[in-house]
Amino acid sequence: MRKSAQGSHSGSAIGLLARSSLQFFRRHPAQLLLSVLGIVLGVGIVTAVLITNASASRAFALTTEALYGRSTHTIVAAEGITDARYAELRIARPDLDMAPIIEGYVGQGDRVLTLIGLDPLAESEFARFGASADSAQAASLSSALRLFEDPRAVIVAAPLAERLQLADGDTFTVDLPQGQLQLTQAGTFSSVNSAATDGLIVTDIARAQSWLARGATIDRVELVLDDDEASALSKSLPATEKLVSANTRRSTMQAMTRGFQINLTAMSLLALVVGGFLIHNSMSFAVLQRRELYAALRISGVTARQVLASILGEALAISVIASVLGVVLGRLIAEGLISMTTRTINDLYFVLHVQELVLGPGVVVLGLLAGIGTSLIAATASALDAASTSPVAARQRSLTEERTRTLTRPLAAAGVALMCSGGVLAWLPSLSLLVGFAALMLLIVGYGLTLPWLIHAVARASAPLARRGGSLSTLALGSIERDISRTGVAIAALAVAVSATFGVEVMIGSFRSSVDRWLGDTLSSDIYVSAPSIAGGGDALLNADITARVAQLPEVRAVSSGRELYVVTEIGPLDTLVLDPHDTSDQSFELLAGTPESAWQTWLHDGGLLISEPLATKHGLQAGDDLMLFTTAEGDRPFAIAGVFRDYASSHGKLMLARNTFDDYWQDNGISTLGILLNDPARFGDAATGVSSTLRESLNTLTDLPLQIRSGRAIHTESLAVFDQTFEVTRVLRWLTIGVAFVGIFSALLALHLERAREFAVLRASGGTQRQITTLVLLQSGLMGLLAGVLALPLGFVMSQLLIHVINLRSFGWRMQGVVPDGSVAAAIFLALVAALLAGLWPAWRVNRSNLARGLRED
Amino acid sequence: MSEPAVVVSGLGHAYHRAGSLQTILDNIDLEVGRGETLALLGASGSGKSTLLNVIGGLEPVQIGEVHVLGHSLGALDDHARTLLRRSTIGFVHQAFNLISTLSVVDNVSLPLALAGVSTASRHERAAQLLDSVGLDGRGNDWPDRLSGGEQQRVAIARALAARPPVILADEPTGNLDATSGQNVMRLLAGLVAEQQTTLIIVTHSLEVAGFADRVCALRAGVVSPVDMQATRAAGAW
């Protein structure tokens, strides 16, 4: 009975406190709005990245499902499987469901479409494109394929046909390696989930072989097998063929984008950490401004626990509303991010079509948890402080400031301890990205805790300088130090935000500079020649005799030739470059492990392998180890790793074989690229393409194929453009983080200056002009921005080193040299300064517009 | 005879409240001589604080004229009024209005800082004033650690810092107990007498009014002289 009465009293007290909170925000709507906005933006960014990653993963899963259908295994061979061999397999095992597949890419305007060649008669058991084996879709697909009478007929995924505004019988043009081709839409197909098949066109396998210049070869044979059948078949295959589980291929492809997606998530979490500081900022202001009110309530009998519950309840209510809005905003931001992300995945990994955004319950719950959790953690510190402060002390502002100043020291000590823990975590020899992120977060939070002490120390140290600037600068700087409970949090929030942008800028700049240097080294030839290809794929080859013919041209000093292909290895299929080097090719590869000269010689003459740095890092491989490759001649065969070379072209790793080694174990004399050294590079270059028309003509007479001829310099420039495009999404996220920071500093300064309305009124009553007050407000804002900018640099720099040497190394496997881009230090300080000044404009205007007499009367 | 320090003639003032215009002052006439102490009595809401704010240039003159040391406030914009206030007027408020995050000495020297006086000079002046209000050695304290009486003495020191010829005090003892109020008033009256400063005190306390050379009342928008003896005899204002 007693308990229930107590409970009811407690409930009514909480109700009163809630009404008081509501009234406070009714009087300060801008502050409420900015608190909400800070959370909305933070949650919005995190949710947008979660949606983007989930959508890309879903599209990937659907596409894989569409392409592989029910197939459980695939037979692959080093150089593809000939039609004859496929026929042999079918005759030998008529009991097995098997289907031949060719997969390639064709251009269509600025899109890349996936062209699938299949045998309609073999398809019925595979339920490809999301259709079940006995469904109407499968039937219509089969019948459509059987009805091909037009030699250029294809069936088109329904969403693609809709986007291209095609009806059956309409024609459209695609880009193929050998030129353009007009195709006819013979029909469309749709699947249960239309996103699964978006961007696909399907045709008969024989036509696909012709269009993709594959000769009488298919890419793979797909099968539906149980474990016993798979085991038996595997044993019966010759050494030159391999039975691969479909899951292996799927997981290899998924692993490719994992690092990229984790990096995006890291950026979004960084935004949330910045958002967390800002939420803490908003919440602590809202609480600090009501310390006297809480004191009055405590005097009237409200318990500390009730004050705590009231503040946390308020934070919960605000964060729930803001987080829901944040999830909605995230969905909108994701619309923009997805196209950038897809473009990056297409540039770097494989062709992916994302048709719909995934806003599943998991994403919503994670977004809400991020916003509500961060807000509650941020509010807890302020709530505990307000609840634990004695009612008498709470009414003395100077005591609050003194307490805060006293607290800065132990806080800084705790911060240093956190940073040291982060350092130890980062230093641990682990490949775990999670550990890397934990180190990054510890560093940020630790530094954030040391900032109030640093601000206090720097402000104190700068006091003599400020005195030289006159009374106003003394007042402005003095109030930063004196109002440390308010200014400390605001400056820390801005500093963390600016440090994040500076750190990412240094990371991108270092990466760009490393790639730039690497491109300069790698592109050691003057001119590169290749058969035409389309974006995202293309497998056109040059004739084997072209190297000798090019070498005979009078302009040419030396020629290297390269063949790019996939080689199946014990760790999955890997990008491989088969190189027949010219005399300066060794300068193209920066060898990171092994003795450079002997490694190159071993590779060139003794059948060794060179592997790229990401491959070595991710699989723990090093010079001297063996790697099993699947060869045509002997099946699985170990190759010794002679060295590790720097390579930024592929994050999932690359192999390099010497041509003579390759010829010993594989039968493929195709050439993908030629690297040409000219006798007189200056004479044969031209400003636009780097290749003179005379030389272009000479080269084109050597083959019927329209060759792609580009100078090393042009490729260098284009590659950097692709690099910049790849990091577009990171830059966008960086700007969004700055947006969050701006809202935070704006809200902090607004709250700070509005709280000081009475102080400004006293200044005005004591003879301060409007201009002086404006100057004071802007000076203080500017000084806060300057402090934030300067204090952001050490954290930003250390953050960049962690991103470069821990996060990127663990995500992508490549090392790079840390470089602080020109102007980035000044830009960071300028950014903080401008953000703070802009944020100070409105408060300055508001202060001067407010009624002086009322300002002197009001608390 | 020298020109009065403050001349108010035909002053009217109104506020927009809840969508309607509410008249606070209506056709007020008042003169305060140089060096004179005037107490302005009035009930709460009678407009006495508004009158003080208009004389101090904190609010613009809406109707009529206000002259302070010969300067017509109606002809001055906010900036000019501020500069005039800086050089000629000191304020003492009921709620002290000290800046809690500035030390006592910084609070006192605030008007001098705004006037661009050097740090050394203003600290010297502040120390002198703190000595004269009995707070010698308390310059480095925080204002909110002082008693109410001490805080008001700091506010008086601040009002006198720039040696203004006019001091406006709005209920200077309103937040103090009787003894502290008496002490503060004695101090204020003594200092203004010593410096030949004009003092206008707005109050509803007869004790405070007792320190004035002349007492007026503001009732229903009209200023009229008060016979202190008769009022005291009646027992209340």
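Q: Which residue of chain A forms a salt bridge with D78(B)?
A: In this predicted model, local features need pLDDT of at least 70, side-chain atom pairs count only at pLDDT 80 or more, and totals for chains, interfaces and linings use all residues. A salt bridge here is a side-chain nitrogen of Lys or Arg within 4 Å of a carboxyl oxygen of Asp or Glu. The closest N and O atoms of the pair lie 2.7 Å apart, and the count between chain B and chain A is one salt bridge. The partner of D78(B) is R764(A).

Q: Which helix gives the most residues to the side of chain B that touches chain A?
A: Helices are DSSP runs (H or I, at least four residues), numbered from the N terminus, while residues are numbered from 1 along each chain as its sequence is written. On the side of chain B that touches chain A, at least two residues each come from α2 (78-88), α4 (110-114) and α5 (119-132) of chain B. The greatest contribution, six residues, is that of α2(B).

Q: How many residues does chain A bring to the contact with chain B?
A: Contact means heavy atoms within 4.5 Å, and by this criterion chain B brings 29 residues. The number from chain A is 29.

Q: Is L316(A) buried, partly exposed or exposed?
A: L316(A) lies in helix α10 (residues 304-348) of chain A. Buried means under 20% relative accessible area and exposed over 50%, with partly exposed in between (1.4 Å probe, protein chains only). Because its relative accessibility is 39%, L316(A) counts as partly exposed.

Key
Chains lettered and ligands numbered in written order. Heavy atoms only, no water.
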